[in-house]
Amino acid sequence: MIIQAQICGIVLVLVIMTLCLLQRKIDLRAQKLFRINLLIVLVSIVLDAYSIILIQRAEGVYGLHEYVVCKSYLMTLVIGAYTSFLYLTVELEAVSKKMQRIKRYAAVFGILGCLCIAVLPISFYLDESSAYTYGPSVNITYFFSITFITFNIVILIRCKGYIHHRRRIAGLVWMAIWIIAALIQLFHNELLLVGYASAIGVGILFMRLENPEGYLDRKTGLLNQQALCMYMQQNYARYGNFSMMVISMDDGSYADTPFEEKQRSKLTEMMSGYLDSMEKTVVFKNSGWEYTLLFREQNSMAEISEKILQRFRTPWNVEGKNVYMNIRLFQVPDCLVVPDIEKLLELTGLFVSDGKKYSSQSIMVMDQEWIEQVQTNVKIGQYIDEAIEEDRIQVFYQPIYSTRKGCFVSAEALVRIRNRDGSFMAPAQFIPVAEKNGAILQLGEIVFRKVCQLLQKENLKEKGIQYLEINLSAVQCVQLDLAERFIKIMEETKVDPAMINLEITESATVRSKEILLQNMEKLQAYGVSFSLDDFETGYSNLNYILELPVQIVKFDRKMTMSYFDSEKGKMIMEAAIHMIKAMQIHTVAEGVE
């Protein structure tokens, strides 16, 4: 019997089906359609082999049974071509409203093909070396199948911007194998290759796209980021609105008791198992200590959020150690607020990053107001770039008055962005944005250069100005080459470094004190002095004065006002000034105007 190719195809499909069954089931439409294709290919190859056996055994006397089996086999080829169309275009459901109408037309076309196969005559050929069918029924099968395959290829090529490149390439290879086998068999009926080619095609899809392990995080067994994107795309297309929550954890609670890798893995396994046991949600593992949960119903998210917070208020016992995990829950109640998957994930990442500065065991909600603020910040960021390119960055100088000398002795450089109409953008608008997107580095260098150019042009010492102050952002302070870049600018402009005083805020030391101190040491060795700005706000305490080599301490406006607002404020201010002056450090009070 000449069914070796069919037997090989059946074995290959059964192996793939076994691998699929042994792995965790994933509720993805693409995988459901793949399993349907797999089943149709198996049925098709079995019917192909069985039809050959029937033709050989009938020995020229063919009854209803042979006709039904042979025509059923031909119908599975058309049905398989149709389901391959559904599988390859599954990603288009989320981006094209026309797809539902196209799929209805494709279904009608497939049904028409099966009806034609059923009513058209079929003939049988048998000799010592081969057995096959031919005639109008077979020819119409080739027509409908090749039409579907050709349509698939056209869609994969024309819609490459909407179909993932891995699916597109694998789909094109699958269709190419199928159409080559069909054309060979069309002209050489004795070479029964279509069934085996179908098996090879689904094998390629399994290896490239549909291996369940490709959607799983290896350490936890949970669904990974690739599966998250697929799920979200499916939800956009099929269910409309859905909710999402990101759980972010930090392990600072046991920083004093370092964990071994085995213990960390055990803790991850315990937490992942707990989250995976939740009902009414699908859990995905992000990188690090983060998880994403998707919900069909917003009420489910609220219910599960409370359960998670309650569980994490109690410790996790890991090999005899009680470990408390600090967590924050970031909720997106309505994912349709951003009708684009990539943009939603990008915004969620920003939201999580921003929210990590808040206290643990809290819930934060990403709403329309926050999204609009982000969009505004993006526009401001673009405006900053344009202002830099068009040289609309200007520096104003706020004078500093000496109560001892009774005159102005210095000034603080303040950056401003001049609008095209001549007005100015408030620093409170663009400074926070520039610090987040990194533009503050370029702005800071522009301000430093403009101050140096002013010192080069004007002899300010003759006017009684002893130095000019320039603010350094926390972002600038942690740049390894900050000192080298500033020294290079001072050398280019031939500025006396004693005329430069750099202001640092206490928050700068939080980023990386080691890098900050290295930069300060290099610049001070060159002749630059430093001020500690906004003293007694944020992370303030007198230890900073001991740790940082500063020559001036500037009291924040709130601290200055407290001197006049309360007796306690006055006492604290006087005590601080006394201690600072005892260390031979000058003081400046802001907000006295």
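**Figure 1. A nonpolar surface patch.** Ile-7, Val-11, Val-15 and Leu-19 make a nonpolar surface patch of about 320 Å². Such a patch joins nonpolar side chains within 5 Å, from residues with over 30% relative accessible area and no salt bridge. Val-11 lies in helix 1 (residues 4-22). Its relative accessibility is 48%, so Val-11 counts as partly exposed (buried is under 20%, exposed over 50%, partly exposed in between, with a 1.4 Å probe and protein chains only). This is a predicted model: local features need pLDDT of at least 70, side-chain atom pairs count only at pLDDT 80 or more, and totals for chains, interfaces and linings use all residues. Residues are numbered from 1 along each chain as its sequence is written, and side-chain values use heavy atoms, without hydrogens and water.

Figure 2. Glu-303 and Lys-307 form a salt bridge, with their closest N and O atoms 3.6 Å apart (a side-chain nitrogen of Lys or Arg within 4 Å of a carboxyl oxygen of Asp or Glu). Glu-303 is partly exposed at 36% relative accessibility, and Lys-307 is partly exposed at 42%.

**Figure 3. A salt bridge between Asp-391 and Lys-450****.** The closest N and O atoms of this pair are 3.6 Å apart. Asp-391 lies in the loop between helix 12 (368-389) and strand 10, and Lys-450 in helix 14 (residues 439-457), so the pair ties together parts that are 59 residues apart in sequence. Lys-450 is partly exposed, at 23% relative accessibility.

**Figure 4. A network of salt bridges.** The linked residues are Glu-412, Glu-469, Glu-503, Lys-554 and Glu-590.

Technical notes: Patch = residues over 30% accessible without salt bridge, like charges linked within 9 Å, V, L, I, M, F, W, Y side chains within 5 Å. Areas by Shrake-Rupley, 256 points an atom, 1.4 Å probe, with all protein chains shown as cover. Helix = DSSP H or I, 4+ residues; strand = E, 2+ residues; numbered from the N terminus.
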